[in-house]
Amino acid sequence: MPGFTKQALAETLKNMMQTQPIAKITVKDLVESCGVNRQTFYYHFQDIYELLAWVYENEALSHIEQYRSIDTWQKGISMIFEYIQNNKKFCLNSYKSMGREHLESFLHNTISKLLKDVINELEGSELISESDKKFIINFYTYALAGILLEWLQNGMQEDYHEIVNNIIQLMDGHLHQGVERFSMSHK
């Protein structure tokens, strides 16, 4: 039952954010629209922003979980863009509000997890230090998150398929080369 309640609250928040900014949504409005009481809301979440973070973590992450390997990372990146495109008003509303930090945190964590799994799969990754792996992961994470955030900032006008194709062209093979260079510098 708790999972159902959280999901109901999440759906209600997403629906409300179609027409109003998150800053104007109160817990009172949310629970009335959802048909639960305030105590139920606070049993699950401290505030609306924690619910917002839960939405991103649970909805979008479930879409890309299976695409965190060297053979599928491209699809994982595409799925992140697709989730944002399919939830355009919700994501733009988050981006343009105080909920932006939750969106940025979600993007950073999601991309970072995806890249960490990919890097760890690459031949030679066992030869480099954890701090070097972290540097490689952060470098690409900030690049990808920056591209996604710029796309949001520009109102998502550009076809995300083109962006993903450009990312793949730039990154394909470069992760492996980066790992190779770091592993060779430690020999």
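Biologist: How many helices and how many strands does the protein have?

Modeller: This is a predicted model, and the protein in it has 10 helices and 0 strands. Read along the sequence, the pattern is α-α-α-α-α-α-α-α-α-α. The C-alpha atoms fill a box of roughly 60 × 35 × 25 Å along the principal axes.

Biologist: How do you know that the structure holds 0 disulfides?

Modeller: A disulfide requires two cysteine sulfur atoms within 2.5 Å. The sulfur of Cys34 has its closest cysteine sulfur in Cys91, 20 Å away, so the two are too far apart for a bond. Cys91 is therefore in no disulfide, given that the nearest cysteine sulfur, that of Cys34, lies 20 Å from its own. The count for the structure is 0.

Biologist: What makes Cys34 buried or exposed?

Modeller: Buried means under 20% relative accessible area. Cys34 has 19%, so Cys34 is buried. Cys91 has 0% and also counts as buried.

Biologist: Why is α6 called mostly covered?

Modeller: Of the 8 residues in α6, 6 are buried. These are Phe90, Cys91, Leu92, Asn93, Ser94 and Tyr95. For the protein of 187 residues, the buried share is 47%.

Biologist: Where is Asn87, and is Asn87 buried or exposed?

Modeller: Asn87 is in the loop between α5 (73-86) and α6 (88-95). Its relative accessible area is 13%, which is under the limit of 20%, so Asn87 is buried. Not counting residues up to four places away in sequence, Asn87 touches Lys14 and Glu59.

Biologist: What makes a set of residues a nonpolar core?

Modeller: The residues must be buried, belong to the listed nonpolar kinds, and be joined through side-chain atoms within 4.5 Å. The largest such core here has 62 residues. Those with the most contacts inside it are Leu30, Phe41, Leu51, Phe81, Ile84, Leu115 and Leu152. Helix α4 (residues 48-64) gives the largest share of this core, 10 residues. In soluble globular proteins, nonpolar side chains tend to be buried together.

Biologist: Which residues is Phe41 in contact with, leaving aside its neighbours within four places in sequence?

Modeller: Phe41 is in contact with Leu9, Val27, Leu30, Val31, Gln46, Asp47, Ile48 and Leu51.

Biologist: Why are α4 and α7 called roughly parallel?

Modeller: Two packed helices are described by the angle between their axes and the distance between the axes. The axes of α4 and α7 come within 10 Å and cross at roughly 30°. Angles under 35 degrees count as roughly parallel, and the two helices are therefore roughly parallel to each other. The crossing is right-handed.

Biologist: Which residues of α4 and α7 meet?

Modeller: From α4 they are Tyr49, Leu52, Ala53, Tyr56, Glu57, Ala60, Leu61 and Ile64. From α7 they are His102, Leu103, Phe106, Asn109, Thr110, Lys113 and Leu114.

Biologist: How do you know that Phe106 is buried?

Modeller: The relative accessible area of Phe106 is 3%, under the limit of 20%, so Phe106 is buried. Phe106 is found in helix α7 (residues 100-121). Leaving aside neighbours within four places in sequence, Phe106 is in contact with Tyr56, Glu57, Ala60 and Leu61. Phe106 and Ala60 are 46 residues apart in sequence, and their C-alpha atoms are 9.0 Å apart in space.

Biologist: What makes α8 roughly antiparallel to α9?

Modeller: The axes of helix α8 (residues 130-153) and helix α9 (residues 160-171) come within 12 Å and cross at roughly 160°. Angles over 145 degrees count as roughly antiparallel, so α8 is roughly antiparallel to α9. Tyr140, Leu144, Ile147 and Trp151 of α8 make the contact with Tyr160, Ile163, Ile167 and Met171 of α9. This crossing is right-handed.

Biologist: What is the phi of Met156, and where is Met156?

Modeller: Met156 has a positive phi of about 60° although it is not a glycine. Most residues other than glycine have a negative phi. Met156 is in the loop between α8 and α9. At 4% relative accessibility, Met156 falls under the limit of 20% and so counts as buried.

Note on methods. Residues numbered from 1 in each chain as written. Predicted model: local features only at pLDDT ≥ 70, side-chain atom pairs only at ≥ 80, totals over all residues. Heavy atoms only, no water. Buried < 20%, exposed > 50% of the residue type's maximum accessible area, 1.4 Å probe, protein only. Helix = DSSP H or I, 4+ residues; strand = E, 2+ residues; numbered from the N terminus. Contact = heavy atoms within 4.5 Å. Axes fitted to C-alpha atoms, helices over the stretch in contact; angles between N-to-C directions. Parallel < 35°, antiparallel > 145°, perpendicular 65-115°, else oblique. Left-handed = near helix turned anticlockwise from the far one by under 90°.
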